Amino acid sequence: MKFRNKALFSFIAVLAVLSIASVTQAAPPVGFDDNEIRIGQWGPQTGPAAPWGSVARGSKLLFDIVNEEGGIHGRKIKYFIRDDMYNPAQTAAVVKELVERQGIFAFVGGVGSATGMAVKDYLAANKILWIGPAAADKDFAFPVDPYLFAVYPLYKDEGSILTKYIVDKLKMKKIGILYQNDAYGKDGLEGVKDRLATYKMSLVAEIPVEPTEKDLASQILRLKNSGAEAVLMYLTPTPAVIALKTAATVGFKPQWVSSNTLSDYPLMFKITGGLWEGVITGAFGEIPDSMNPLMVKYREAAKRLTPEERWGIFYSAGIVFADPIVEALKKVGRNLSTEAVMKALNSFKNYQTIGPKITWTEKQHQGTDSVLIQKCGPGASYITLQDWTTNDLATWKK
Amino acid sequence: MDMKRDYYEDIQLFKSNVVLFWSAVLLLALFTIPLYAPNYYIYLLNIIMVHVILAVGLNILVGSTGQISLGHAGFFAIGAYGTAFLMSMFQVPFVFAIFIAAFIAAFFGFILGLPALRLEGPYLAIVSLGFGLTIMHIIGGMDVFGGRMGIKVPPLDLGIKQLGISWVLKTDIQKYYLILIMTILLVVGARNILKTRVGRSFVAIRDSDIAAEVIGVNLTIYKTLAFAVSAFYAGIAGGLFGFVLGFFDPFTFNMILSVIFLVMVVVGGLGTIQGGILGAILITYLQYDFLKNIAEVPYLGALMVAISKQWFTTVGLENFSSMAIGLIMIGIIIFEPLGMFGVWIRMKKYWMTWPF
């Protein structure tokens, strides 16, 4: 009977300890004081997604410029970048560390869907603002999370806009699609189909691709046999490269059109060995050598402050995601609070810097449905084909 | 100095009153940490303890039985997905779900143990590596598991829904106690396994499998058993890990994670329980905390930033963290093959034989 006593005793002890632990936890430190506002971002600086790490460093440039100009109402911005290696476990760890040890007022950007989903509820529970996740996940903006403000245009909207361009401007009737077999690819596919339905047209080929596939020969042949004049791509870089190279070897030369995820032309041009020339993509930021006055200002600042960085599309995207918080902080003034900044963000109407026009209301936190359409010219140069275009079919706006 | 006079002395949990005293102090400290540590450390401790469970289990396989595995992230994933899936889809209570998932992992461990009967060294490493990657991609390709987008873990309900009892653990501190208790049970369990006939068979296989077979150790049973036990530990650790995170996707369980697990065991010390624990604590702390925040460490941080600006690329400092872990591993193998546990043994010997 001795054993049973022991077991009973330990069971009671466990219950007691767990009940004591039910006491609520202390609130994390505030994210600002009289001299500084602390802002953070996670992003893959190492690991498989490291090329996207420049987003987090791009935001740093903007905060450095703001600090150089004297800060915001007497407060400097203290900015923290944390490497999560694109791994949700590490994202959760770095975000908790920043929030609970440093005290963070807001997060900006943050590359990745899964990484963002790992911390979304935690940030909301701690009433910490999160502006401009660097991923177009529907779950970020729908349903509305009062502390989360999305900037990135949805893939569905982009697919619809790109399809309209192909049909109206390029006058192509036979359209095929290669889409990654997950939420990213399927969202794009949905947008394309919605648009084609308005023309009473349908896709000539609709081919799913697993992101790990290394041989796309049969898929490309199916596309070729379908007689597609334009092929849309909702892929990640590696399958896209394989698709283009395979098509080149079988002599299939459609107009390739891709989502903005592949809009880093110098990179794509290099890894496809020049085949990327002529590809049309969506984009959510001005072209790198744009003469837009703000772009000129940022470009000059980048040359001066971070000469070692490549002035690319993802680096400047970091600025697009960080601009709104700076604007909101300026609007709020010296009397800072999370609620005041939220109110300022909720009153954004057609706010534009070097990205799309952003509008947020209390009931709508998907900031935009607009993309640019660009084309890769000779030597990986950028050519703007169509200015900011909204999606008239976007269902979420109604 | 650690001379045992009979079997019962060897299997004692606490060898002397001194050990008993310090163990009690340690337990007391562990149970009261949430009272004075900031919340962030609780989260870190949760991850550390999950890794401790896994490393202790992996050490049974790698350190004690002498088999290598580069696929433990696969068992870890089976535990995590299995537990979350059973709880959300079939409303299985937590306690049963995590054990069923762990037994599924153990079954896969048994399967992986079969080729280990014929393969050794690098060949076994390749097979286990392939296993880990396969699991990751199979889970990623199945929509019921959320595909590549990952799944949200259901609330951690310790009660039994069918009986109307519900006790949801929400905070990190509550989860801390749950994981702490599991860790203690599993660590003591691992120690007991190694002190029994089974554990001694494992060690015999490591030292020489032919000799072991000659003295009557059934290689088929014990090699596959070592894989199964080790996978069981990984499964339990995975199940708990899912609740620590709240959300995960298949790529959380990538190949690098398997390598990191192996690093923990090697750095901590092969073949000892303490080694697994020490390695898991050190590597997790370095990876999740120290190396992440190195830029803000006084003096050292500024120095590292300057070095990185001068010699490395723009993300030099982040790359340094991978290099640091690699350097630690190489250093341990060259200077202290017994790992951190070896350092501890030498310190102990030094003081016990002092002044000689």
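1. Of the 20 residues of H2(B), what number is buried? The number is one, so H2(B) lies largely in the open, a residue being buried if 20 or more other C-beta atoms, placed from the backbone, lie within 10 Å of its own.

2. This is a predicted model, in which local features need pLDDT of at least 70 and side-chain atom pairs count only at pLDDT 80 or more, while totals for chains, interfaces and linings use all residues. Residues are numbered from 1 along each chain as its sequence is written, and chains are lettered from A in the order in which they are written.

3. Helix H2 of chain B covers residues 17-36 and reaches 28 Å from its first C-alpha to its last, close to the 28 Å expected at 1.5 Å a residue (1.5 Å times one less than the number of residues); helices, of at least four residues, and strands, of at least two, are DSSP runs numbered from the N terminus. A kink of about 35 degrees lies at Leu30(B), shortly before Pro34(B), the bend being the angle between axes fitted to the seven residues ending there and the seven starting there.

4. In chain A, strand E11 (residues 371-376) has five of its six residues buried. Four bridges join E11(A) to the antiparallel strand E10 (residues 280-283), with Gln374(A) as the partner of Thr281(A), and five bridges join E11(A) to E12 (residues 382-389), also in the antiparallel sense; pairing requires at least two DSSP bridges.

5. Val371(A) stands opposite Thr389(A) in E12(A). Five residues lie between the strands of the E11(A) and E12(A) hairpin, where Gly379(A) takes a positive phi near 65 degrees.

Terms used:
A residue is buried if 20 or more other C-beta atoms lie within 10 Å of its own, exposed if 12 or fewer, and partly exposed in between; C-beta atoms are placed from the backbone.
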